[in-house]
Amino acid sequence: MLKLAVFFSALCFAFSSVNYAQYVGFGRNKVQYNNFDWHTLSTEHFKIYFYPEMKELAEIGAAYAEESYRIHQQNFNYSLIDTVPVIFYSSPTHFRETNTTPGLIPDGVGGFFEFIKGRVVIPFDGSLGNFKHVIRHELCHVFMVAKVANTLRLHRQPAERQMPLWFTEGLAEYWSTKWDATAEMVIKDAVLNDYMVGLDDWEQYYGTFFMYKMGQNVLEYIAKNFGNEKILLLIDNIWMSDDFSEVMKKTIGRDYESFDKEYLYSLKQKYFPLVGVEDSPSLKSTPIYTGGFGHKPTYYKEGNKEEIFFIGNRTGYTSLYKVNLRNRSKLITVIEGEKSEDYEEFHFFRTGLDISSKGILAFATKSGATDALHLYDVKEDKLITSFHFKGIVQIGSPSFTSEGSKIVFPALDMGGKSDLYIFDIASGTLTRLTNDYYDDRDPDISPDGKRIVFSSDRTSYGYENNYNLFVLNLGDNSISYLTSGRQVDYSPQYSPDGKFIVYTSTIGGTQNIWVTDAVPGNKFMPGDDSVNVHGLTNRVVKITNFTASTFDPKWAGDNRIVFSSYGDQSISVRMLNGAVGLIDTPVTANTLTFKDINDWWTYDRIKGVPRKNQLKYKKDYTLDIATTNISADPVFGATAGGILAMSDLLGNDQYYFLVYNNSESGSEFFKSFNIAISKVSRGQRLNYAYGIFHLSGRRYDYGDQFSYFERTFGGYFAMSYPLSYFRRIDASISLANSKRSVTEDRLNRRALLLTNSISYIKDNAIWGPTGPLDGSRLNLTLGYTTDIQFGNVNYFTAIFDYRRYFRLSKTVAVGTRFEFLLNEGEEARRWSIGGSWDLRGWPRFGLHGRKAFVASTELRFPLVDLVNIRFPLGLNFVFPYIRGAAFFDVGNAWDDIYGETKGSIGIGARINLFYILALRYDIGKRIEKNFTKFQEGIFQQFYFGWDF
């Protein structure tokens, strides 16, 4: 949206000092649906930023932050000097609107520490345990940055030296949470499927969740085998070398290579024996969908037809799929998500789906400002209706009553409470069933419609982020324990006859499938600890003993269970047959007791007192970036200048100051100053920018044989209104006084230029390593520039740029583009095309004209997909992503009379360098003389940039 690039492109369009054809914009939008009323809560070490709806949550977060400070102060043996700003959002949906980072935030990001302003930004996902974990994780980064900077300063070492990312994120996990079933799942799978790496090769998984857990596991190993004190000593010794392998050698006596030999062998010793006593899901269950990510399966039967519906991602878009059990090889897309406003995004790991006996599928997606609950008729293959609920931001997994008239689901409200709701479809009545800060999730309604089983951290073990199962009686709203213990119990579902409940549990370490009788244990009312009935027990049985973790089991008839399973870095959907027999002869049977269920867990708060430590947010601007530059050009001479940017703490308002000088002689020094001041406001849905400028210097219009001196000053206003995540309208207006010098036969020209433009932009494309692979992009722009004082300039602008991408397989796609550019009128600027970005084979920017078009078709396919090449003598090399392309281009540029149609055909390669830059190499033949002849020989072009 309106970022620094918009500031420059607005100037470029208004004054035409550079070619706007190269700046056709696309991109998705960060939409500010909410106008948050920000407040601050000051504690001893933090300044908490929140909005009133989440005041209680902010007070809980403040207490967690102070608790984390004390822990990290001891761990690091260091105290922070400055107050730390911490910004809370009450939901991941609200968090996506943050302007503290300019980029789009994908679903699943739990928070971040931004080091320029020292900000910590964290959303609440419904779990106080996760909230505490993320707060402690991000504050570990704050301490780490301060500690390392202080250590380097004391030893007079370069300040830019930092710990490697595996250590930074691994330590944040090691000092913020315990080793849990999720971490065990990731490392165990890597070892058993032979993709585990050591520290020598950790960059293969740079920035991934696996890297976080690998780093945590490495530090667990170091603490156990070399002493816990070595962890801090590794930080204290960072000054010794800029190679962290050497720092490790000086600290624990092992460099990366020698450490890996011991560490990787220890993992094999731990996990390889499990193959003999645990089962592989592939041998003990039937595959329904494999080879990608399939999640939250549900079963539907109509006559003899049996189908499994699930949420999956096999092409880049998370969508709804179904598989007919009689033809499991055929995967059918029911709804393709993440391409339109209705199904903007699935919350992949939090939300689910259910289907009624009448064939109505219920699921939730992000749709605009909040989530929507959708009802879809699978018989008619059409959407019936969608519901948005006032005050509800995010919706979890829905569950139908047996007759399909009501739906129960968990949801996150504006204040961050994750509670259960029941919705009557016919009347449209929504009833809240729970109301507290405990995390209630995964509800299912009993076949008789009288009870709801659900998972919650309201258990007495919830302070350790454990979850047990509970039953809510809809008659009196009472809640009863169903399971109890220091484990995580998720995804319960009643059997069709109502006798059993299947669920997953981490008892024993790995998340497996368990079953219990649908009879609760000790009963209690929420918040009432007076009921104290001891001695009640409940029997639970483990029916799988998989090496891999399982999720979301659901009954598929009376004797089968469909579930998802993690393995070999993917999540598959599988079927477990003979469930009743497995219940009768279980792997393990446990008897749960409820003797300590009244040991309630609570949370502390640091209360905000108005006019004391709770105040309205006031904007305080601080520096974002300041840089200078000196350059020399053989044509236009030397330039020198700099840019300064500053913003408020929330990032809603930004100021940019640009100053540079491009004088060619001392007499031109003062008139050759270029100054621009701009403000960009992104705090509301309508983003806007305005500014003033003075630009002067030598100019050149493509196609002319001379340059000229031009001085321009004035102001501009630009705005951007996102219609949705995918579509927006941009508009700008500028008024500029322009004066040109004498150039060859031309006289001095003065003009007061009024420029207007409006653009409609749509972008739902999915990107691969070097460019889009699926979806479409559209930019339609109209502009008009006129001299309102002297009448010397008068021209209009039109841009039509449409790009469509067709996925042929997971990695192979066809990209198409048609672009038409028009500037027509007095003193209209010329477009330039040619080169690697559009008309390949022709000189870069070598074709000029007031009209231009380009049409392209390109087949995109993989050549090398990030492989690790191992050479003798320990010389290893990681190849980046290398994509191939076969292309056909057509186009030309002209002024008044259209000349020949030019083209090119060829092949090329693109290399992705750390997702920062794509290098391009093309080889082929030009098509000349109105497509009557190929060039003699071949052309070769090497440049940079992403595929169109």
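**Figure 1. Asp 440 touches Pro 410, Ser 418, Asp 419, Leu 420, Thr 434, Phe 454, Ser 455, Ser 456 and Arg 458, leaving out residues up to four places away in sequence.** Touching, or contact, means heavy atoms within 4.5 Å. This is a predicted model, where local features need pLDDT of at least 70 and side-chain atom pairs count only at pLDDT 80 or more, while totals for chains, interfaces and linings use all residues. Residues are numbered from 1 along each chain as its sequence is written, and side-chain values use heavy atoms, with hydrogens and water left out. Asp 440 belongs to strand β20; helices (H or I, at least four residues) and strands (E, at least two) are DSSP runs, numbered from the N terminus. Is Asp 440 buried or exposed? Its relative accessible area is 0%, so Asp 440 is buried (buried is under 20%, exposed over 50%, partly exposed in between, using a 1.4 Å probe and protein chains only). Asp 440 and Phe 470 sit 30 residues apart in sequence, with 9.4 Å from C-alpha to C-alpha.

**Figure 2. Here is the whole protein, with its twelve helices and 55 strands.** Of its 948 residues, 56% are buried. Now take the contacts with a separation of 6 or more: 58% of them join residues 24 or more positions apart.

**Figure 3. Arg 486 sits in the loop between β23 (479–481) and β24.** Arg 486 counts as exposed because its relative accessibility is 55%. Which residues does Arg 486 contact, leaving aside neighbours within four places in sequence? They are Tyr 461, Tyr 463, Glu 464 and Asn 466. Arg 486 and Asn 466 are 20 residues apart along the chain, yet 6.0 Å apart in space, C-alpha to C-alpha.

**Figure 4. Thr 547 is in another loop, the one between β28 (537–542) and β29.** Thr 547 has a relative accessible area of 17%, so this residue is buried. Not counting residues up to four places away in sequence, Thr 547 touches Lys 188, Leu 192, Leu 274, Glu 278, Asp 279, Ser 280, Pro 281 and Thr 510.

**Figure 5. Phe 36, Trp 38, Tyr 51, Tyr 89, Phe 95 and Phe 112 are linked into a cluster by ring pairs.** Rings of Phe, Tyr and Trp (its six-membered ring) pair if their centres lie within 6.5 Å; planes under 30 degrees apart are stacked, over 60 edge-to-face, and the rest tilted. The structure has 57 aromatic pairs. One of them joins Phe 36 and Trp 38 edge-to-face, with 5.8 Å between the centres and 65° between the planes. Both Phe 36 and Trp 38 are buried.

**Figure 6. Trp 894 and Tyr 898 make an edge-to-face pair because their planes are at 90° and their ring centres 4.8 Å apart.** Trp 894 counts as buried because its relative accessibility is 13%. Tyr 898 comes in at 34%, so it counts as partly exposed.

**Figure 7. Arg 817 lies over the face of Phe 948, 4.4 Å from the ring centre.** Arg 926 does likewise with Trp 842, at 5.1 Å from the ring centre. For a charge to sit over a ring, NZ of Lys or CZ of Arg must be within 6 Å of the ring centre and within 35 degrees of the ring normal.

**Figure 8. The second largest pocket has a volume of about 580 Å³.** On a 1 Å grid over the protein atoms alone, a pocket is an open set of points with protein on both sides within 12 Å along at least five of seven lines, a cavity is a set where a 1.4 Å probe fits but cannot get out, and lining residues have an atom within 4 Å of a point. Points join across faces, edges and corners, and a volume is the space filled by probe spheres set on them. Of the 23 lining residues, Tyr 299, Asp 354, Ile 355, Gln 493 and Pro 496 lie nearest the pocket's centre. Which element gives the most to this lining? It is β7, with four residues. The pocket lining has nine nonpolar, ten polar and four charged residues. Ala, Val, Leu, Ile, Met, Phe, Trp, Tyr, Cys and Pro count as nonpolar, Asp, Glu, Lys and Arg as charged, and the others, Gly among them, as polar.

**Figure 9. The largest cavity holds about 200 Å³ of space.** Its lining has 16 residues, with Ser 397, Pro 443, Ser 491, Pro 492 and Lys 554 closest to the centre. β7, β20, β24 and β29 each supply at least two residues of the cavity lining. By class, this lining has six nonpolar, five polar and five charged residues.
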